[in-house]
Amino acid sequence: MSARPVPTDPGRPLEGRVALVTGGARGLGAAYVRALHAAGASVVVADVLDDAAASLAAELGDRARPVRLDVSDEAGWETAVAAAVEAFGGVDVLVNNAGIANAAPIEHYSTAKWDAVIAVNLTGTFLGCRTVVPVMRAGGGGSIVNVSSVEGLRGGERLHGYVASKFGVRGLTKSLAVELGRDGIRVNSVHPGLVRTDMTARIDADAVPIPVGRAAVPDDVAGAVVFLASDASAYLTGTELVVDGGLTAGV
């Protein structure tokens, strides 16, 4: 078993490590990619958006690679992880970020809507964890960060598949944390609240009762991801890190 690199620069806590981020080409995923890269990691930008992934990787330079990945595709995961190993020698950090949402009243919530969101948000996370674990074991350990949501902590009107998938990510995180701790693999979930991205542009943040008085920006959540990826959180596994400005504090 090879030893994972031990960073020596406190300003670059992921120096020498390799991170794979799904849905990494834009929005929150791109913020995670940039933050992990700034912390010293080499980063694989995994997305179905080929041009956007390639553009971000080119912007970051030699320590970044784009790879096409539909997270619901088993073979695609094998290809993406193999690409990370070939380019950088392994995978130390996996950020399961890719996700979609849809909505309808329950009587109009079709099986197709349900299947689509479960396939990406929950099955995609499961496949990523399953694929990367052997590589992390071979590398001496690692950190898996599963991006859930505040909707993985509470209900959400009309968001039935999304809520179910995010609760599922939360539960999967805990079962993996119990199973993989002896291998030096930590598994934690992040639960963002309202974050200003293109996906949430239509939501009136002033109408949402956020105690800190504003919606998050992507960098607010990216800092939490870097923390969970790094040795600063070495004794955390199975943890739910809620980054919501206090939105769920009164729930």
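The model is predicted, so local features need pLDDT of at least 70 and side-chain atom pairs count only at pLDDT 80 or more, whereas totals for chains, interfaces and linings use all residues. Residues are numbered from 1 along each chain as its sequence is written, and side-chain values use heavy atoms, with hydrogens and water left out.

Glu151 is located in the loop between strand 5 (142-147) and helix 5 (160-180); helices (H or I, at least four residues) and strands (E, at least two) are DSSP runs, numbered from the N terminus. Glu151 counts as buried because its relative accessibility is 13% (buried means under 20% relative accessible area, exposed over 50%, partly exposed in between, with a 1.4 Å probe and protein chains only). Not counting residues up to four places away in sequence, Glu151 touches Leu159, Tyr162, Val163, Lys166 and Phe167, where contact means heavy atoms within 4.5 Å.

Strand 2 (residues 42-47) is largely enclosed by the rest of the structure, because 6 of its 6 residues are buried. In a regular strand the side chains alternate between the two faces of the sheet. In strand 2, Ser42, Val44 and Ala46 point one way, and Val43, Val45 and Asp47 the other way. Strand 2 runs parallel to strand 1 (residues 18-22), with 5 bridges between them; strands pair if DSSP finds at least two bridges between them. In this pairing Ala19 stands opposite Val43. Strand 2 also runs parallel to strand 3 (residues 64-68), again through 5 bridges, and Asp47 stands opposite Arg68. The chain passes from strand 2 through helix 2 (residues 50-60) to strand 3 in a right-handed β-α-β crossover (with the strands pointing away from the viewer, the path from the first strand over the helix to the second runs clockwise).

The whole structure contains 10 salt bridges (a side-chain nitrogen of Lys or Arg within 4 Å of a carboxyl oxygen of Asp or Glu). One of them joins Glu59 and Arg34 at 2.9 Å, N to O. This pair links distant parts of the chain, with Glu59 in helix 2 and Arg34 in helix 1, 25 residues apart. Glu59 is partly exposed because its relative accessibility is 49%.
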